[in-house]
Structures are given as C-alpha cells and as structure tokens.
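I opened a new structure today and kept notes as I went. Here is what I looked up, entry by entry.

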Amino acid sequence: MISQFNFPTIIRFGAGVIKELPAYLLKNGFKKPLIATDPNVFALPFFKTIITDLKEAGFEPEIFYDIHKNPVKSDVYKGGDAYDTAKCDCIIGIGGGAGLDVARAIALRINHREDLFKYDDLIGGDVYITNDVPVLITIPTTAGTGSEVGRSSIISDDETHQKKILFSPKLLAAIVFADPMLTMELPAFITAATGMDALTHNMEAFLAKNYHPICDGIALEGIKLISESLEKATNNPDIESRSKMLLGSMMGAIAFQKGLGVVHSLAHPLSSLLDIHHGLANAINIPYGLRFNIEGNEDKFKRIAQTLELKEHTGEAVVQYLFDLNTKINIPHKLSEIGVKLEHIETLADLALADFAHPNNPKPVSREDFKKLYLEAL
C-alpha cells in the first residue's frame with residue numbers, strides 16, 4: 001500500500017513508490033535532473049534500474065557520485081559544477097545521509113555562489129539564503145539520518161574537519177519518494193549502524209532541553225517503531241521491518257529539529273577526524289552518553305523505558321537495553337574495536353566541545369566530561 005503524508009514536505013511512502021518518479025518529473029516539466037548519490041549506491045542494481053527507467057522515459061539524467069562518506073565542501077563544489085556543465089534543471093538526491101546532504105548543499109550552491117560556509121547556520125548564515133533553489137527530490141536508501149525530510153545539510157571543512165550546518169526552509173525537498181524496497185538489500189552492518197543513528201536521533205531529541213511537545217510525541221513513536229523492527233531488519237529483514245525503520249528514521253529527523261545532544265557531539269569528531277561511519281559512532285557512544293544524562297532527567301528516561309516496554313522504568317534499564325541491542329545487531333561496545341586509540345582522545349575532546357549538538361543536551365557538557373566519556377567508551 002502506498003500512502004501520502006504531508007509534513008510539510010509531500011512524502012510518498014510505500015513499496016514500489018519509486019516507480020512514480022518519471023511521471024512526477026514529466027508532470028513538472030523537468031528534463032535533465034542531476035542525480036546526486038554516493039559511490040556505494042551508484043554501484044547497486046536498484047540505482048541502475050532507476051536510471052534506466054528515467055532514460056527509457058526520455059529523461060537525460062546527469063549522475064554525480066564523487067563524494068566522501070563524510071561529505072566535505074569540495075564535494076559540493078564539484079557537484080555544482082556538474083549541474084552547471086550539464087545544464088540540469090532539478091536535483092534528485094538518492095542515498096543515505098551523505099548523498100542527500102550533498103544533494104541539498106548542491107541545491108543551495110546553484111544560486112548562492114559565495115563561499116559555502118558563509119551560509120553556516122551556526123554563525124547566522126541562514127540570513128544570506130535569499131535566492132530560490134532548484135527543485136530538490138529526495139529518495140532515501142537507508143533508514144538512518146532521515147535527511148530526506150530535513151531542511152539542513154551537514155558538510156565538513158576539507159582542512160579542519162569541523163562540521164558546518166547549512167539550514168533553510170528553502171532546502172526542504174519538494175517531494176520525497178520513500179520506498180522501503182530500496183532498503184531491502186542493505187547489508188546487515190549498514191542496516192544496524194544507520195538504524196542506531198535513527199534511534200539516537202529520536203532518543204536525543206526527546207531528551208533535548210528545548211520545549212517542543214510535538215517533537216517529543218514524534219520521537220517516542222519513532223523509538224517504538226525502531227525498537228520493534230531494527231533487530232529484525234538487520235538479521236532477517238522483511239518489508240514490514242524495513243517499512244517501520246524507514247518511518248522511524250524520518251520521524252527522528254523531524255523530531256531532532258528540537259535539538260540533539262552529547263551523543264552526537266561525541267560521534268561527529270569520530271567521523272570528521274577518523275572517517276568512522278556516523279551511525280556506527282552514534283551506536284557505540286549512545287549507551288555512555290545517555291548514562292551521563294540520567295541524573296536530573298529520570299522522568300524522561302522513565303517514559304523512554306515505558307515506550308520500550310522494559311520491565312524496569314529507569315535510565316539504567318534504558319542504557320542496558322542499548323548495550324543489549326548493540327550485541328544483537330553486532331555493533332561493538334568499545335571504540336578501541338573500530339580503531340580509536342588513546343592518542344586520539346585529546347583531539348576528539350577538543351572537537352566535541354566545539355560541536356554544535358551538545359548545547360541542546362539536557363545538562364551541560366564540559367571538555368573534561370567529553371574526555372571521560374571517550375575514555376569510558378574506549
């Protein structure tokens with residue numbers, strides 16, 4: 001069954017909905033879309049099918065896939081050049097967080113040609129996003145970042161590795177085609193890591209200190225859907241588990257407009273400095289980061305525990321649930337298992353302190369706190 005949600009982007013959701021893409025392009029007068037994706041998605045059979053279907057329908061897609069798994073500014077510039085050279089008329093982002101973030105940043109770049117980081121939301125750069133942007137269509141292939149429904153893009157500086165946020169309501173997709181069939185062939189590790197990213201979004205959004213009861217409700221339902229489906233989707237996937245994960249992922253992205261927290265500030269430096277998969281970084285850090293937040297937030301942890309249907313409605317029970325879930329989906333419990341060394345800790349702590357996520361954490365996080373958390377997870 002295919003459903004439509006308007007929230008506020010039009011979301012076409014359901015198995016097989018990707019087949020609607022050519023008709024949408026034709027109806028809206030597009031001829032030459034730039035397809036922005038990553039090298040992994042580019043090599044998958046379903047991607048080739050999408051491109052074949054577009055060409056057979058008379059479209060002339062230009063494919064851009066020269067991006068890093070943790071995108072950097074130069075990726076966006078190259079994508080903008082590809083759009084210009086091929087005289088494209090819209091942008092289609094296909095992939096997980098990397099592909100969709102680059103697609104959205106390219107959309108910004110087309111009619112905003114000053115240095116990309118002038119538009120960094122963390123320094124008020126959103127006020128300079130005044131021109132129209134090309135129509136952006138997003139097609140998620142993982143259930144992780146939920147970037148398909150987002151209005152921001154996270155891009156790192158090539159040299160300093162610091163992450164910047166490009167944000168504007170103008171950067172919302174015109175339409176999302178969310179087809180769980182595109183996630184059916186995901187490897188178990190990617191399913192697990194991106195799924196834990198989605199769970200982290202929902203949990204951190206619920207705990208974030210800003211007042212936003214609408215996001216709180218969405219986050220709790222996202223937690224429920226993911227808790228019901230992540231283990232199944234990883235180890236023995238079916239269309240129901242993949243559908244629940246795709247919904248939970250989108251809900252996490254909607255909810256985290258409320259804010260994120262300490263876990264993301266621990267994870268971002270691991271990606272930018274050591275090129276560790278963002279979802280994996282979140283997955284390993286979330287039990288430690290959430291344990292740090294228990295004191296003073298016992299009521300919120302009680303609600304998370306109730307949503308997870310745990311026997312004990314405590315923060316420690318939630319933390320143990322996360323350790324157990326990581327075990328069930330073959331996520332390691334320690335950073336040392338993925339190449340992090342003691343010599344990295346000081347630099348990681350510096351980058352974590354400078355990160356944009358932790359100011360919304362429900363309690364303050366100092367550099368010493370970050371160092372202790374990294375050492376605990378090491």
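Is leucine 166 buried or exposed? I found leucine 166 at 0% relative accessibility, so it counts as buried (buried means under 20% relative accessible area, exposed over 50%, partly exposed in between, with a 1.4 Å probe and protein chains only).

Before going further, I noted that this is a predicted model, where local features need pLDDT of at least 70, side-chain atom pairs count only at pLDDT 80 or more, and totals for chains, interfaces and linings use all residues. Residues are numbered from 1 along each chain as its sequence is written, and side-chain values use heavy atoms, with hydrogens and water left out.

**Entry: around leucine 166**

I placed leucine 166 in strand β8, residues 163-167 (helices, H or I with at least four residues, and strands, E with at least two, are DSSP runs numbered from the N terminus). Leaving aside residues up to four places away in sequence, I listed what leucine 166 touches, including Ala105, Leu108, Tyr119, Arg151 and Leu171 (contact means heavy atoms within 4.5 Å). I also checked aspartate 81, which is 85 residues from leucine 166 along the chain; their C-alpha atoms are separated by 19 Å.

**Entry: the sheet**

Next I traced an open sheet of seven strands, in the order β1-β2-β9-β6-β5-β3-β4 and with mixed pairing (two strands pair if DSSP finds at least two bridges between them). At the edges I found β1 (3-6) and β4 (62-64), each pairing on one side only. On average, neighbouring strands here are turned by 20° against each other, direction ignored (axes are lines fitted to C-alpha atoms, for helices over the stretch in contact, and angles run from 0 to 180 degrees between N-to-C directions).

I looked at one pairing in detail: β1 and β2 (residues 10-13) run antiparallel over four bridges. Within it, glutamine 4 stands opposite arginine 12 of β2.

Which strands does helix α5 touch? Helix α5 (residues 97-110) packs on the sheet against β3 (33-36), β4, β5 (90-95) and β6 (136-140), and its direction makes about 165° with that of β5. I then followed helix α8 (residues 239-255), which lies across β1, β2, β6 and β9 (175-178) and runs at about 165° to β2.

**Entry: rings**

I counted five aromatic pairs (rings of Phe, Tyr and Trp, the last by its six-membered ring, pair if their centres lie within 6.5 Å; planes under 30 degrees apart count as stacked, over 60 as edge-to-face and the rest as tilted). Phenylalanine 5 and phenylalanine 13 make a tilted pair, because their planes stand at 40°, with ring centres 6.1 Å apart. Phenylalanine 5 is partly exposed at 33% relative accessibility, while phenylalanine 13 is buried at 7%.

Phenylalanine 42 and tyrosine 65 are stacked, 3.8 Å centre to centre with 5° between the planes. Phenylalanine 42 is in helix α2 (residues 39-42) and tyrosine 65 in the loop between β4 and α4 (73-85), so this pair ties together parts 23 residues apart in sequence. I read phenylalanine 42 as partly exposed at 24%, and tyrosine 65 as partly exposed at 34%. Ring pairs also link Phe42, Phe47 and Tyr65 into a cluster.

Lysine 48 lies over the face of phenylalanine 42, at 5.3 Å from the ring centre (a charge sits over a ring if NZ of Lys or CZ of Arg is within 6 Å of the ring centre and within 35 degrees of the ring normal).
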